[in-house]
Amino acid sequence: NATLHLVEELGGRTQKDDQKGIMDENAIHLVTHSSGNHAGALALAARLASKTSDSDVRATIVMPENAPTIKVNGVRGFGGNIVFVESTNEAREEMADKIVEEDNAHFIHPSENI
């Protein structure tokens with residue numbers, strides 16, 4: 001099992017000192033559903049973990065089809081993979097669960113891990 005250490009989110013923008021997650025070498029595929037700062041933070045954390053470990057850590061973010069363009073661009077800019085779904089919590093949760101099951105990924109809840 002992977003270990004994930006979380007720190008408090010400090011501001012509106014995702015910055016190096018504003019990361020929500022730091023992964024160990026066992027975390028390979030991280031999944032969440034979010035259309036906000038958590039989405040960008042997880043994508044950035046995965047990218048940084050890949051650069052600082054021997055693992056290829058990647059993030060998949062399930063986002064509603066009406067997610068703000070600035071948030072979508074942020075996730076993409078940090079190297080996150082985006083899967084768009086209907087704009088309901090049920091659709092987001094179902095897709096995240098499906099990806100976790102199919103890829104043996106690690107789910108990072110957008111609000112219950114802190």
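Trainee: In which strand is V62 found?
Mentor: V62 is found in strand β4, which spans residues 58-64. Please keep in mind that this is a predicted model.

Trainee: Is V62 buried or exposed?
Mentor: V62 is buried, because its relative accessibility is 0% and the cut-off for buried is under 20%.

Trainee: What is V62 in contact with, beyond its neighbours within four places in sequence?
Mentor: V62 is in contact with T32, H33, S34, V83, V85, R92, M95, A96 and I99.

Trainee: How far apart are V62 and A91?
Mentor: Their C-alpha atoms are 9.2 Å apart in space, and 29 residues separate V62 and A91 in sequence.

Trainee: V85 is on that contact list. Where is V85 placed?
Mentor: V85 is in strand β5, residues 81-85. V85 counts as buried at 10% relative accessibility. Its contacts, leaving aside neighbours within four places in sequence, are V62, M63, P64, E65, A91, R92 and M95.

Trainee: At what angle do α1 and α2 pack?
Mentor: Helix α1 (residues 37-52) and helix α2 (residues 69-77) pack at about 10 degrees, and their axes are 8 Å apart. The two helices are therefore roughly parallel to each other.

Trainee: Which residues meet there?
Mentor: From α1 the residues are N37, A39, G40, A43 and R47, and from α2 they are K71, V75 and G77. By class, this contact has three nonpolar, three polar and two charged residues.

Trainee: What about H29, where does it lie?
Mentor: H29 lies in strand β3, residues 29-33. With 3% relative accessibility, H29 counts as buried. Beyond neighbours within four places in sequence, H29 is in contact with R58, T60, I99, D103, A105 and H106. H29 and A105 are 76 residues apart in sequence, yet their C-alpha atoms are 4.9 Å apart in space.

Trainee: What share of contacts joins residues at least 24 apart in sequence?
Mentor: The share is 57%, taken among contacts in the chain between residues at least 6 apart in sequence.

Trainee: One more residue: what is the phi of N104?
Mentor: N104 has a positive phi of about 50 degrees, although it is not a glycine. Most residues other than glycine have a negative phi. N104 is placed in the loop between α3 (89-103) and β6 (106-107).

Trainee: Is N104 buried or exposed?
Mentor: N104 is exposed, because its relative accessible area is 67% and the cut-off for exposed is over 50%.

Trainee: Finally, how much of the chain is buried?
Mentor: Buried residues make up 41% of the 114 residues. The accessible surface of the chain comes to about 6,500 Å², and 44% of that surface belongs to carbon and sulfur atoms.

Methods: Residues are numbered from 1 along each chain as its sequence is written. This is a predicted model: local features need pLDDT of at least 70, side-chain atom pairs count only at pLDDT 80 or more; totals for chains, interfaces and linings use all residues. Side-chain values use heavy atoms; hydrogens and water are left out. Helices (H or I, at least four residues) and strands (E, at least two) are DSSP runs, numbered from the N terminus. Buried means under 20% relative accessible area, exposed over 50%, partly exposed in between (1.4 Å probe, protein chains only). Contact means heavy atoms within 4.5 Å. Axes are lines fitted to C-alpha atoms, for helices over the stretch in contact, and angles run from 0 to 180 degrees between N-to-C directions. Angles under 35 degrees count as roughly parallel, over 145 as roughly antiparallel, 65 to 115 as roughly perpendicular and the rest as oblique. Ala, Val, Leu, Ile, Met, Phe, Trp, Tyr, Cys and Pro count as nonpolar, Asp, Glu, Lys and Arg as charged, and the others, Gly among them, as polar. Accessible areas come from the Shrake-Rupley method with a 1.4 Å probe; for residues, only the protein chains shown count as cover.
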